[in-house]
Amino acid sequence: MFRFLHSSDLHLGKAFGTYPEGIRNRLREARHGAIARLAAAARDGGAATILLAGDTFDAETPAPDTLRHALRAMALETDITWVLLPGNHDSLAATELWRRIASDGPPNLRATTSPDPVDLTPGAMLLPAPCTQRRPGRDLTEAMAAPTPEGCLRIGLGHGAIADFSGEGGAPGIIAPDRARLAGLDYLALGDWHGQKQVSPATWYSGTPEADSFKHAAACSALLVTLDGSAQVRPMETGSLGWQVVTLDLLPGDDAVARLDSALPPLALRRNLLVRLTATGRLPLADRAALDAAAQAAGPDFGWFGHDLSGLAAEARPEDLDRIDRGGALRQAAEALLDEAGDPSLGAAERAVAAAALSRLYGLAQEVQA
C-alpha cells in the first residue's frame, strides 16, 4: 500500500494583469499559500509524498523571489517529500530554472527532469514524463512503459491533454487516454487541465489547488490517492479564494434587486470571493438602473466584482425619459440613446452600449434629483 497527494498547476508567479492591484496581490499570495495547504492536506490524509504534475511555476523564468519563496516554503514542510515535474509552462527548456532548483532546492524536494524511473519508496516506482518544451509535439508518456522491478506499484506522472473522443470534431490531444492500461500503471497523475477530472478509474487530472479563473465551478482540491490493490481517490480541499459566476435572467415584473440579493453569497463570505455577474432578458428602464446601482453598491464587499448588463435590454416609457429631463440636451441625449438601443440596423454590442448608457443616465438623473 502507498498513499500520496496528487496536485498540479500551481502557476506560482502568475501575474493576473487584468485585475486591479489589490486583488492581484491576494491572488498571487493565495497561490504561494497553496504550498502549505497542500502539505496540511497530505498530513490530514496520512500521506508524506506530494506529486506535482507540472506547471509549478507560471513561466520558465520566474522572478527570483518567487522561486526562492517557493523553495523555502517547501523546505519548511520537513515531513513532506515534494516531487516536481516540468510542465509546459516550466518545461525543461528552462535550463536555468531547473539548475537553480537542483542547486538551491531543499533535501525534501525531488525534481524529475528525466523520464528514468524513480524509486519513491520501497515497492513504489514513479514513471515521469517531463515536458521537454512548451509544445513537445509527441506523447511523452510513452516512456512510462519502462520496466520496473516485479511487484512494484507503477505510478505515472505527466502533463498535457488527452485525446478527445467526444465526437465534436475537436483536434486530438497528445496523451493517450488509455496510457495507464498501455503502460501497466496503477495510477496516472496528470496536470494541465485546471479543473479536477477523472479520465478512468486509475487516471486523473488533479486540477489546480487554487483557482485562477471562472472556468471551473467546483471548489479547488488535491487528490489523496491510496494504492492498495486498486486506486482509491479522495479530494482534499485546498482553495482559499473562490470564483463564482452569478447569472440572472430577468423579465418585466421581476424584482431585479431582490433577485440579485438572493443570488449573491452571504456577506461574511464575500471578501474571499471573486464574482462575475451577468444579466440577460429585459427590464423597465427604472428597474435596470436600480439593478445597476445595486450591483455597484455590492461590488466593494467582494475580493473582486464585475457585472455585465449588456445582455439586459431596457424598456423605456415616455415618463421614464421625463424623469431624466423634459427637454433640453439631456432629453435629446436620452431619446438618441433609446433609438440606438432599439435600432435593428445596429449590432448587438452597439445596442447594448446604448442601453447601458441610457440606464446610467437615468440613474445619474435620479441621484441629482434626490
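Let me start with the lining of the largest cavity, which is formed by His194, Thr208, Ala211, Asp212, Ser213, His216 and Cys220. On a 1 Å grid over the protein atoms alone, a cavity is a set of points where a 1.4 Å probe fits but cannot get out, and lining residues have an atom within 4 Å of a point. The lining divides into two nonpolar residues, four polar and one charged. Here Ala, Val, Leu, Ile, Met, Phe, Trp, Tyr, Cys and Pro count as nonpolar, Asp, Glu, Lys and Arg as charged, and the others, Gly among them, as polar. The largest cavity holds about 40 Å³ of space, and the structure has one cavity of 30 Å³ or more. The volume is the space filled by probe spheres set on the points, with grid points joined across faces, edges and corners.

A word on provenance: this is a predicted model, in which local features need pLDDT of at least 70 and side-chain atom pairs count only at pLDDT 80 or more, while totals for chains, interfaces and linings use all residues. Residues are numbered from 1 along each chain as its sequence is written, and side-chain values use heavy atoms, with hydrogens and water left out.

On confidence, the chain averages a pLDDT (the predictor's confidence in each residue, from 0 to 100) of 91, and 96% of the residues score at least 70. Over residues 165-170, however, the pLDDT is below 50, and this stretch has two contacts in the model beyond near neighbours in sequence (contact means heavy atoms within 4.5 Å).

I turn now to helix H9, which spans residues 348-369 and contains Ser359. Helices (H or I, at least four residues) and strands (E, at least two) are DSSP runs, numbered from the N terminus. Is Ser359 buried or exposed? Ser359 is buried, because its relative accessible area is 1%; buried means under 20%, exposed over 50%, and partly exposed in between, with a 1.4 Å probe and protein chains only. Leaving aside neighbours within four places in sequence, Ser359 is in contact with Leu285, Arg288, Ala289 and Asp292. Its side chain also reaches the backbone nitrogen of Ala289 at 3.4 Å.

Gln366 lies in helix H9 as well, and at 25% relative accessibility it counts as partly exposed. Not counting residues up to four places away in sequence, Gln366 touches Arg323 and Ile324. Gln366 and Ala286 are 80 residues apart in sequence and 9.6 Å apart in space, C-alpha to C-alpha.

In strand S2, residues 49-52, we find Thr49. Thr49 is buried, with a relative accessible area of 9%, and beyond four places in sequence it contacts Phe2, Phe4, Leu5, Thr81 and Val83.

Finally, the backbone. Most residues other than glycine have a negative phi. Which phi does Phe16 have? Phe16 is not a glycine, yet its phi is positive, at about 50 degrees. Phe16 sits in the loop between strand S1 (2-7) and helix H1 (21-44) and is buried, with a relative accessible area of 6%. Asp192 also has a positive phi, of about 125 degrees. Its place is in the loop between strand S8 (187-191) and strand S9 (197-200), where Asp192 is partly exposed at a relative accessible area of 28%. Thank you; I welcome your questions.

How values were computed: 1 Å grid on protein atoms, 1.4 Å probe; cavity = no way out; pocket = protein on both sides within 12 Å on 5 of 7 lines; lining within 4 Å. Polar contact = N/O pair within 3.5 Å; in protein donor to acceptor, adjacent residues only side chain to side chain.
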